[in-house]
Amino acid sequence: MSVCPWYRDGFCTSPLHEVPTQDVVNKIQCLGGRDVYTQCKYYREPTQVREGGYDEFGKPFLMVHGIDRAPEITCEYVRIFKHEQGKYLAGCVVLGRFLGVHEVDTCSKFWRQCPFRRIGLNLGIQP
Ligand code: SF4
Ligand code: SF4
């Protein structure tokens with residue numbers, strides 16, 4: 001029986017969550033095979049995660065995503081943009097969206113342990 005690709009160590013790492021969570025995990029569903037886990041509302045086809053370009057990350061909200069200085073994130077899945085209003089934006093290719101200010105901080109420090117990065121590498125998503 002195949003396991004949902006977003007299931008990791010008791011956590012759901014679906015890109016639809018801000019952070020991995022145990023709250024939505026239901027082992028019957030998450031471990032129940034493709035026919036079952038693809039029915040989950042948090043499921044998203046990994047192949048639909050696209051490479052980032054500015055538009056690919058959706059609409060940025062500077063209050064949420066705007067960073068004063070260019071962030072230093074070593075992760076290969078981050079894309080940094082300079083917004084026309086002077087702020088910087090960081091998008092994650094695996095998540096397919098811009099990162100919030102606090103997430104950027106977390107990515108800077110803990111990118112090696114990031115479950116989304118692991119998923120990206122496991123699935124062979126191109127940085
Ligand atoms: S089945 Fe749903 S809740 Fe479970 S890991 Fe997959 S996306 Fe998350
Ligand atoms: S550390 Fe994780 S969340 Fe941050 S850019 Fe890399 S893959 Fe995305």
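This is a predicted model: local features need pLDDT of at least 70, side-chain atom pairs count only at pLDDT 80 or more; totals for chains, interfaces and linings use all residues.
Guide: Two strands pair if DSSP finds at least two bridges between them, and strands (E, at least two residues) and helices (H or I, at least four) are DSSP runs numbered from the N terminus. Residues are numbered from 1 along each chain as written, while chains are lettered from A and ligands numbered from 1 in the order written.

Visitor: Which residue in S4 does valine 78 stand opposite?
Guide: Strands S3 and S4 pair in the antiparallel sense over five bridges. Further along this pairing, phenylalanine 81 has leucine 89 as its bridge partner in S4. The residue of S4 that stands opposite valine 78 is cysteine 92.

Visitor: What is the order of the strands in the open sheet?
Guide: The sheet has three strands with antiparallel pairing, and its edges are formed by strand S3 (78-82) and strand S5 (97-98), each of which pairs on one side only. Strand S4 (residues 88-92) is joined to S5 by two bridges, one of which sets glycine 91 against phenylalanine 98. The order is therefore to be read, from the strand pairing of the model, as S3-S4-S5.

Visitor: Which residue of S5 is the bridge partner of cysteine 92?
Guide: Cysteine 92 has contacts (C-beta atoms, placed from the backbone, within 7 Å) beyond its neighbours within four places in sequence, namely with Tyr77, Val78, Arg97, Leu99 and Phe116. The bridge partner of cysteine 92 in S5 is arginine 97.

Visitor: Which glycine takes a positive phi in the hairpin of S4 and S5?
Guide: The hairpin of S3 and S4 has five residues between its strands, and in its turn glycine 86 has a positive phi of about 100°. The hairpin of S4 and S5 has four residues between the strands, and the residue with a positive phi, near 70°, is glycine 96.

Visitor: How many of the five residues of S4 are buried?
Guide: S4 is the strand that stands between S3 and S5 in the sheet order. It is largely enclosed by the rest of the structure, because the number of its five residues that are buried is four.

Visitor: Which helix gives the largest share of the shell around ligand 2?
Guide: The residues around ligand 2 (C-beta, placed from the backbone, within 6 Å) include Cys75, Cys92, Cys107 and Cys114, together with Tyr77, Val78 and Phe116. The largest share of this shell is three residues, and they come from helix H5 (residues 115-123).

Visitor: Where does pLDDT stay under 50?
Guide: The mean pLDDT of the protein is 83, with 91% of its residues at 70 or more. Confidence by element is highest in helix H1 (residues 27-30), at 94, and lowest in strand S1 (residues 7-8), at a mean of 76. The stretch under 50, for which the model has 13 contacts beyond four places in sequence, covers residues 47-53.

Definitions and conventions
pLDDT is the predictor's confidence in each residue, from 0 to 100. Two residues are in contact if their C-beta atoms, placed from the backbone, lie within 7 Å. A residue is buried if 20 or more other C-beta atoms lie within 10 Å of its own, exposed if 12 or fewer, and partly exposed in between; C-beta atoms are placed from the backbone.
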